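Reader: I would like to learn how to read pockets and helix packing in a model. Where do we begin?

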Amino acid sequence: VTICRYIALQPVGIFQNFYLWTFLTSMFMHGSFAHLFINMFVLISLGSLMERIIGRKRFALFYIISGIFAGIFYVFLDSYAVGASGAIFAIAGLFVILIPKARFTIIFFPFFSLPGYVMIPLVLVLTWVISLLAPIGIGNTAHLGGFLGGLIYWLYLRRKYRRKIKLLNKYFK
């Protein structure tokens, strides 16, 4: 529990002790193997595509900034957090808006795929509902903050790379 104070993102740690590094360290820690597995699966499936689209350096910067943005969102609305879910949902937010018609499959249901504009918001809502029904500590505010971070980054990309985004949407019909 003591080490958690120095790694996990907590409003008390930020506001009283100024443990600002926890915005970063919390992104690389997970509460369970299942949490790590799900985040890494989504990072590989969505992240590898987004990395190819926006470039390796831009993706790495986007990932870190999105995780920090999700952490800030979380700190103002919740209690403590570990995990990369905020940054993962930022990638999902970018995916859903950048190439909304690209189909996405969830690992647990390989026979079931939907366009990103349906699947990603559906997963966001389902995680919220699951956390309301079962006490398993899902960081919904971090998910939402990350998702919003992805949408905000898309606004920047849309303005800077208008032609490339049109080309992408022609490719993913």
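Author: With the term pocket. A pocket is an open set of grid points with protein on both sides within 12 Å along at least five of seven lines. Keep in mind that this model is predicted.

Reader: What is the general idea behind finding such space?

Author: Rolling a probe the size of a water molecule over the atoms shows where empty space is left. In this model, the second largest pocket holds about 160 Å³ of space.

Reader: Which residues line the second largest pocket?

Author: Its lining consists of Ile53, Ile54, Arg58, Leu98, Leu157, Tyr161, Lys164, Ile165 and Leu168. Helix 4 and helix 9 (162-171) are the elements that give two or more residues to this lining. Helix 9 supplies the largest share, three residues.

Reader: How many of the lining residues are nonpolar, polar or charged?

Author: Seven are nonpolar, none is polar and two are charged.

Reader: Now helix packing. At what angle do helix 4 and helix 5 cross?

Author: Helix 4 spans residues 33-54 and helix 5 spans residues 56-77. Their axes cross at roughly 130 degrees and come within 7 Å. Angles over 145 degrees count as roughly antiparallel, so helix 4 is oblique to helix 5. The crossing of the two is right-handed.

Reader: Which residues of helix 4 and helix 5 meet?

Author: From helix 4 come Leu43, Gly47, Met50, Glu51 and Ile54. They meet Arg56, Arg58, Phe59, Phe62 and Tyr63 in helix 5. By class, this contact has six nonpolar, one polar and three charged residues. Two names link back to the pocket: Ile54 and Arg58 are among its lining residues.

Reader: Next, helix 6 and helix 8. How do their axes lie?

Author: Helix 6 covers residues 85-98, and helix 8 covers residues 140-160. The axes come within 6 Å and cross at roughly 40 degrees. Angles under 35 degrees count as roughly parallel, so this pair is oblique. Its crossing is right-handed.

Reader: Which residues make that contact?

Author: On helix 6 they include Gly86, Phe89, Ala90, Gly93 and Leu98. On helix 8 they include Gly146, Phe147, Gly150, Trp154 and Leu157.

Reader: Is helix 6 parallel or antiparallel to helix 7?

Author: Helix 6 and helix 7 (residues 116-133) pack at about 150 degrees, with axes 9 Å apart. That makes helix 6 roughly antiparallel to helix 7. The crossing is left-handed.

Reader: What makes up this contact?

Author: Helix 6 brings Phe89, Ala92, Phe95 and Val96. Helix 7 brings Gly116, Tyr117, Ile120, Pro121, Val123 and Leu124. Nine of these residues are nonpolar, one is polar and none is charged.

Note on methods: Residues are numbered from 1 along each chain as its sequence is written. This is a predicted model: local features need pLDDT of at least 70, side-chain atom pairs count only at pLDDT 80 or more; totals for chains, interfaces and linings use all residues. Side-chain values use heavy atoms; hydrogens and water are left out. Axes are lines fitted to C-alpha atoms, for helices over the stretch in contact, and angles run from 0 to 180 degrees between N-to-C directions. Helices (H or I, at least four residues) and strands (E, at least two) are DSSP runs, numbered from the N terminus. Angles under 35 degrees count as roughly parallel, over 145 as roughly antiparallel, 65 to 115 as roughly perpendicular and the rest as oblique. A crossing is left-handed if the near helix is turned anticlockwise from the far one by less than a right angle, and right-handed if clockwise. Contact means heavy atoms within 4.5 Å. Ala, Val, Leu, Ile, Met, Phe, Trp, Tyr, Cys and Pro count as nonpolar, Asp, Glu, Lys and Arg as charged, and the others, Gly among them, as polar. On a 1 Å grid over the protein atoms alone, a cavity is a set of points where a 1.4 Å probe fits but cannot get out, and a pocket is an open set with protein on both sides within 12 Å along at least five of seven lines; lining residues have an atom within 4 Å of a point. Grid points are joined across faces, edges and corners, and a volume is the space filled by probe spheres set on the points.
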